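Visitor: Hi, I have a structure open and would like to talk it through. Could you walk me around it?

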Amino acid sequence: MAYIHGAVLPVPTANKDAYIAQSGKMAAIFRDHGALQVVDCWGDDVPAGTVTSFPMAVHCTGDETVVFSWMVWPDKKTAEAGMEKAMTDERMTHDMPFDTKRMIFGGFEVVVDV
């Protein structure tokens, strides 16, 4: 069954074009190392909550937009190996157009896929 790496992150709204360009480059690297699909979504209707929300989770400020991202891998073993290879790929840059310390991410086993 497929394995998913998901992330939520705050990106300065002014950096949207830079983020999209960087995301495209990184997507190619992840695909080269086994990811089946890489999806980045720019927040459009992401309301602030009173108890919890996407903006609260990443401490989003008024001049930032929440991005929701995920990668689909064939399985966990491929995901782990692919991530390790991608992180050491010479094309990988760690100069991101957002605050990486406020990004939340994790790996998820697919349990329903209809």
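Guide: Happy to; we can go through the sheet, the aromatic rings, the core and a couple of single residues. Please keep in mind that this is a predicted model.

Visitor: Good. In what order do the four strands of the open sheet come?
Guide: The order is S2-S3-S1-S4, and the pairing is antiparallel. S2 and S4 are the edge strands, each pairing on one side only. From one strand to the next, the twist averages 15°.

Visitor: How many bridges join S2 to S3?
Guide: Six bridges join these two antiparallel strands.

Visitor: Switching to rings. How many aromatic pairs does the structure hold?
Guide: It holds four aromatic pairs. One of them is Tyr19 with Trp42, a tilted pair at 6.4 Å centre to centre with 50° between the planes. This pair links distant parts of the chain, since Tyr19 sits in helix H1 (residues 16-32) and Trp42 in strand S2 (residues 37-42), 23 residues apart.

Visitor: Is Tyr19 buried or exposed?
Guide: Tyr19 is buried, because its relative accessible area of 8% falls under the 20% cut-off. Trp42 has a relative accessible area of 23%, so it counts as partly exposed.

Visitor: What about Tyr19 and Phe98, what kind of pair do they form?
Guide: That pair is edge-to-face, with 5.9 Å centre to centre and 65° between the planes. Here too, distant parts of the chain are linked: Tyr19 is in helix H1, while Phe98 is in the loop between helix H3 (76-88) and strand S4 (104-109), 79 residues away. Both residues are buried. Ring pairs link Tyr19, Trp42 and Phe98 into a cluster.

Visitor: Which residues does Tyr19 contact, leaving aside neighbours within four places in sequence?
Guide: Tyr19 is in contact with Leu9, Val11, Asp40, Trp42, Val67, Pro97 and Phe98.

Visitor: How many residues are in the largest nonpolar core?
Guide: That core has 17 residues, and those with the most contacts inside it include Tyr19, Phe98, Leu9 and Val11. Strand S1 (3-12), H1, strand S3 (64-73) and H3 each supply at least two of its residues. As background, nonpolar side chains tend to be buried together in soluble globular proteins.

Visitor: Last one: where does Leu36 lie?
Guide: Leu36 lies in the loop between H1 and S2. Its relative accessible area is 48%, so Leu36 is partly exposed. Beyond residues up to four places away in sequence, Leu36 touches Arg31, Val72, Trp73 and Pro74.

How values were computed: Residues numbered from 1 in each chain as written. Predicted model: local features only at pLDDT ≥ 70, side-chain atom pairs only at ≥ 80, totals over all residues. Heavy atoms only, no water. Phe/Tyr/Trp six-rings, centres within 6.5 Å; stacked < 30°, edge-to-face > 60°. Buried < 20%, exposed > 50% of the residue type's maximum accessible area, 1.4 Å probe, protein only. Core = buried A, V, L, I, M, F, W, Y, C linked by side-chain atoms within 4.5 Å. Contact = heavy atoms within 4.5 Å. Pairing = 2+ DSSP bridges. Axes fitted to C-alpha atoms, helices over the stretch in contact; angles between N-to-C directions.
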